[in-house]
Amino acid sequence: DAITSLAFRHGTSTLFSGSSDRCLKSWSIDDMSYVDTLYGHQSAITSLDLHRKDEVVTSGGDRTCRFWKVGEDKQLVFRGSSVSTSIEAVRLLNDDHFVSGDDHGNLSLWHLMRKKPVLTVNAVRSRTGPGSDLARPWICSISSMRSADLVASGSSDGLLRFWKADTTKRRLDQVASLAVDGFVNGMAFESTGRFLVAAIGQEHRLGRWER
């Protein structure tokens with residue numbers, strides 16, 4: 001089964017992997033060994049993120065995000081919009097909030113104390129013509145500045161978008177955009193925020209072409 005996502009716990013040699021077999025696994029790079037497997041998703045894990053704490057957030061093809069308290073062997077389940085079939089990307093903002101993007105082009109802001117998004121906005125440019133809504137561009141990737149208010153979202157609609165996330169007022173406001181040609185399959189901000197690196201492809205990273 002394919003590995004779909006990887007992330008290190010900040011400042012450690014602990015690596016987490018998500019895969020199409022629905023499992024979240026942890027690894028020790030120091031010992032070059034497998035550590036543990038966590039179960040919960042009912043479909044492939046599409047994305048994961050974590051920072052300093054022993055807590056991981058994942059998204060999946062089962063239309064859920066899951067917040068894993070690894071040391072306590074617990075998970076919180078957050079269900080996405082019924083108009084989507086998969087949550088494609090997820091990213092932590094701070095200790096209490098995270099953002100996700102789905103295959104219907106929605107960008108959502110979540111709070112750990114609520115099971116549904118506190119805000120959802122359309123983050124893609126809709127197509128025109130018969131049946132266009134059925135083939136709406138999905139969110140392929142998300143990145144954010146750690147403990148800051150800047151979020152980037154990427155799709156296949158020709159634009160990489162930048163958002164200001166106000167967790168107090170529960171707002172996501174687009175502040176800039178950049179034209180790109182292709183699928184924005186991955187992104188990462190430089191640690192000080194000076195620049196953003198984006199991986200652009202002519203197909204979706206998981207091979208689900210938009211036809």
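I began with Tyr 34, which is partly exposed at a relative accessible area of 46%; in these notes buried means under 20% relative accessible area, exposed over 50%, and partly exposed in between, with a 1.4 Å probe and protein chains only. This is a predicted model, where local features need pLDDT of at least 70 and side-chain atom pairs count only at pLDDT 80 or more, while totals for chains, interfaces and linings use all residues. Residues are numbered from 1 along each chain as its sequence is written, and side-chain values use heavy atoms, with hydrogens and water left out.

Next I looked up the aromatic rings. Rings of Phe, Tyr and Trp (its six-membered ring) pair if their centres lie within 6.5 Å, and planes under 30 degrees apart count as stacked, over 60 as edge-to-face and the rest as tilted. By this rule I noted 4 aromatic pairs. One of them joins Trp 27 and Tyr 34, edge-to-face, with 5.6 Å centre to centre and 70° between the planes. Trp 27 counts as partly exposed, at 30% relative accessibility.

I then turned to Phe 78 and Phe 98, whose ring centres are 5.4 Å apart and whose planes stand at 75°, so this pair is edge-to-face. Phe 78 lies in strand β8 (residues 74–79) and Phe 98 in strand β10 (residues 97–102), so the pair ties together parts that are 20 residues apart in sequence. Strands (E, at least two residues) are DSSP runs, numbered from the N terminus. Phe 78 is buried, with a relative accessible area of 0%, and Phe 98 is buried, with a value of 0%. I also noted that Phe 78, Phe 98 and Trp 110 form one aromatic cluster.

Strand β3 (residues 24–28) and strand β4 (residues 33–38) run antiparallel and are joined by 5 bridges; two strands pair if DSSP finds at least two bridges between them. Leu 24 has Leu 38 in β4 as its bridge partner. The hairpin of β3 and β4 has 4 residues between the strands, and Met 32 in the turn has a positive phi of about 50°.

Last, I looked up Arg 161, which is found in strand β15 (residues 159–166). Arg 161 is buried, with a relative accessible area of 7%. Leaving out residues up to four places away in sequence, Arg 161 touches several residues, including Val 124, Arg 125 and Gln 174, where contact means heavy atoms within 4.5 Å.
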